[in-house]
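Colleague: I would like to learn how to read a structure like this one step by step. Could we begin with the strands and then go on to the core and the confidence values?

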Amino acid sequence: MKLPRKRLWSVTALTAGVLVVGAGTAGLIATHGHTSTVRLASRPSTVPAPTSPEFSPVPNQTAQPPGGLSGVAQPALPVKLTIPSIGVRTSLIHLGLQANGSLQVPGSTTVAGWYTGSPRPGAVGGAVIAGHVDNYHGPAVFYWLRDLKPGDKVYVTRADGTIAVFSVTRVQEYPKAAFPTSVVYGPAPDAELRLITCGGTFDSTTGHYLSNVIAYATLVQ
Amino acid sequence: MFRYSAAMTLLGGLVALVTAVAPAASASASTTGSASASVGWVRCAHLSPNTPAVDVYMYAFGTTSNPTILRHVSYGNVSDYMAVKPGQYTVAMRAAGAPSASKPVLSNSFSISAGKSYTIAGVGPANGLRLQAFDDQLTAPAGKSLVRVIQASLKEHNVTVSYGSDVLANKLAFASATNYQAIEAGSGMVKFSSSGSDTSAPVELSADTVHTIVVLDGANGLKVDTLTDAAGSQVAPAGAAQTGFGGTAPRPVSPAPWLLTMAAGALLALAGFASLRRTRSGRTGAAR
């Protein structure tokens, strides 16, 4: 009777061991077997484009006509940002530089800010607007920025009620270690907009994302 | 022996599976970007004092379809820059309102390079009108203003332009341009000297900005238009922007518990298998 009992133990151990390996493999596949980034399921509903007396939503088929002499008169300060396709409608605060020389970011995660060292939106050059991708718990104002598509419209309302309309040309993600400073803050001959937020992998040791997502847009109206 | 090799095959397969899954799990998908935008920029100007208004057509070289059209461009008008794909283009001028299929008054071909900007202007007197491309600059030296002068006055054939102690143009002839020069940024008066008299006009020349001062015939004497050729941020912030707190970041889950489970299972299976082998060989020995 001694031998069969030992044999039973052996078979049970072998079987159980194989099952545990199988279960471990299944668990590993279930938790790590997909590489797609986890995104929240619900997208915000789109918001309407802003309107002003000066604003006509009919696109101009030819290029913008020469508006007389294109002097250096400054457009008014930006006060509001609307991106209908990703549900962004926010006031714009002013951002400067931090003590270490990096871009100040909004203290609130529900508003975006215009970098005051960049050209005003609608003026010649690349105006820079930054916003958070998320807070500690969930999405923030620029959470859906990475989903912008070329041709999506971006509206910047200015203090005098006029609206600058931009069209997205591209969205790119860059490792922060290789931030394209000269592209984002460098000169441009036309009126452009750069919308900046975070993306990529989150480094929980530093509390920062490892990449920036930047949407580029050019003035169409 | 069959069972032994079967068990080894099973274990080997599992190990292979683990090594296959683990790297796939740690790789992160990241790039959103399309190809980087490579465009050139063109603006059009009418700088011929005695030429009536024109319509400007810009065609991709060798085509007559889908031109970009600037309508009713008259003397002194300068368009905003338009971003275009690099390549050859034909620019044609027709009298304002003339049919698009009519023979242009003037046309010329230009090559547009990626990352460069150009001013394509109708220059000269009406009876010697020509289309000319000026190469524009994008970058000013840090903290400075980069300035050039285009002389488009027919009333005055030579104009000297100065700003403070800087002479921007010295007896510049009609229908020509100076090179750019870097000067101290600020606002002040720009002075024009010509055969007749000296005049001046206020200008604002911003730091880190490229300007073109265009000298034009005014109703009385000369007038000036200051164009912005390119501008960027006054100060480029250092590095990247910290715009997230991680609330929506995918939480990296450690694969260690699963790997440990698999290792423990493998050990248990091996122990059972080894024990089984011992009992089997023991029984075989006893029966002999």
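Modeller: We start with a term: two strands are said to pair if DSSP finds at least two bridges between them. Please keep in mind throughout that this is a predicted model.

Colleague: Which residue is the bridge partner of B:I120 in strand 8 of chain B?

Modeller: The general idea is that strands of a sheet pair through backbone hydrogen bonds, either parallel or antiparallel. In this case B:I120 has B:A133 as its bridge partner in strand 8 of chain B. That bridge belongs to a pairing in which strand 7 (residues 117-123) of chain B and strand 8 of chain B are joined in the antiparallel sense over seven bridges.

Colleague: In what order do the strands of the open sheet in chain B stand?

Modeller: The four strands of this open sheet in chain B follow the order 4-1-7-8, and their pairing is mixed. At the edges stand strand 4 (82-84) and strand 8 (130-136) of chain B, each with a single partner strand, so one side of each is left without a neighbour in the sheet. If direction is ignored, neighbouring strands of this sheet are turned against each other by 30° on average.

Colleague: How many helices and strands does chain A have?

Modeller: Chain A has two helices and eight strands, and from the N terminus on its elements run α-β-β-β-β-β-β-α-β-β.

Colleague: With which strands does strand 7 of chain A pair, in the parallel or the antiparallel sense?

Modeller: Strand 7 of chain A pairs in the parallel sense with strand 4 (residues 125-130) of chain A over six bridges, and A:G126 stands opposite A:E192 there. With strand 8 of chain A, strand 7 of chain A runs antiparallel, joined by 10 bridges, and A:L193 has A:A217 as its bridge partner. These last two strands form a hairpin with four residues between them, in which A:G207 takes a positive phi near 75°.

Colleague: Which residues touch the most other members of the largest nonpolar core?

Modeller: In soluble globular proteins, nonpolar side chains tend to be buried together. Here the largest nonpolar core has 104 residues, and A:I129, A:A130, B:I213 and B:V215 touch the most other members. Strand 8 (residues 208-219) of chain A gives the most to this core, with seven residues. Leaving out residues up to four places away in sequence, A:A130 touches residues of chain A including A:L95, A:V105 and A:I196, and also B:A241 and B:T243.

Colleague: Where is the pLDDT of chain A below 50?

Modeller: The general rule is that where pLDDT is low, the predicted coordinates should not be read in detail. Chain A has a mean pLDDT of 84, with 82% of its residues reaching 70 or more, but over residues 53-71 of chain A the pLDDT is below 50.

Colleague: Which element of chain B has the lowest mean pLDDT, and which the highest?

Modeller: Among the elements of chain B, helix 1 (residues 2-26) of chain B has the lowest mean pLDDT (46), whereas strand 7 of chain B has the highest (96). Over residues 14-36 of chain B the pLDDT stays under 50. For the complex, the predictor gives an ipTM of 0.72 and a pTM of 0.73.

Technical notes. Residues are numbered from 1 along each chain as its sequence is written. Chains are lettered from A and ligands numbered from 1 in the order in which they are written. This is a predicted model: local features need pLDDT of at least 70, side-chain atom pairs count only at pLDDT 80 or more; totals for chains, interfaces and linings use all residues. A nonpolar core is a set of buried Ala, Val, Leu, Ile, Met, Phe, Trp, Tyr and Cys residues joined through C-beta atoms within 7 Å. A residue is buried if 20 or more other C-beta atoms lie within 10 Å of its own, exposed if 12 or fewer, and partly exposed in between; C-beta atoms are placed from the backbone. Two residues are in contact if their C-beta atoms, placed from the backbone, lie within 7 Å. Axes are lines fitted to C-alpha atoms, for helices over the stretch in contact, and angles run from 0 to 180 degrees between N-to-C directions. pLDDT is the predictor's confidence in each residue, from 0 to 100.
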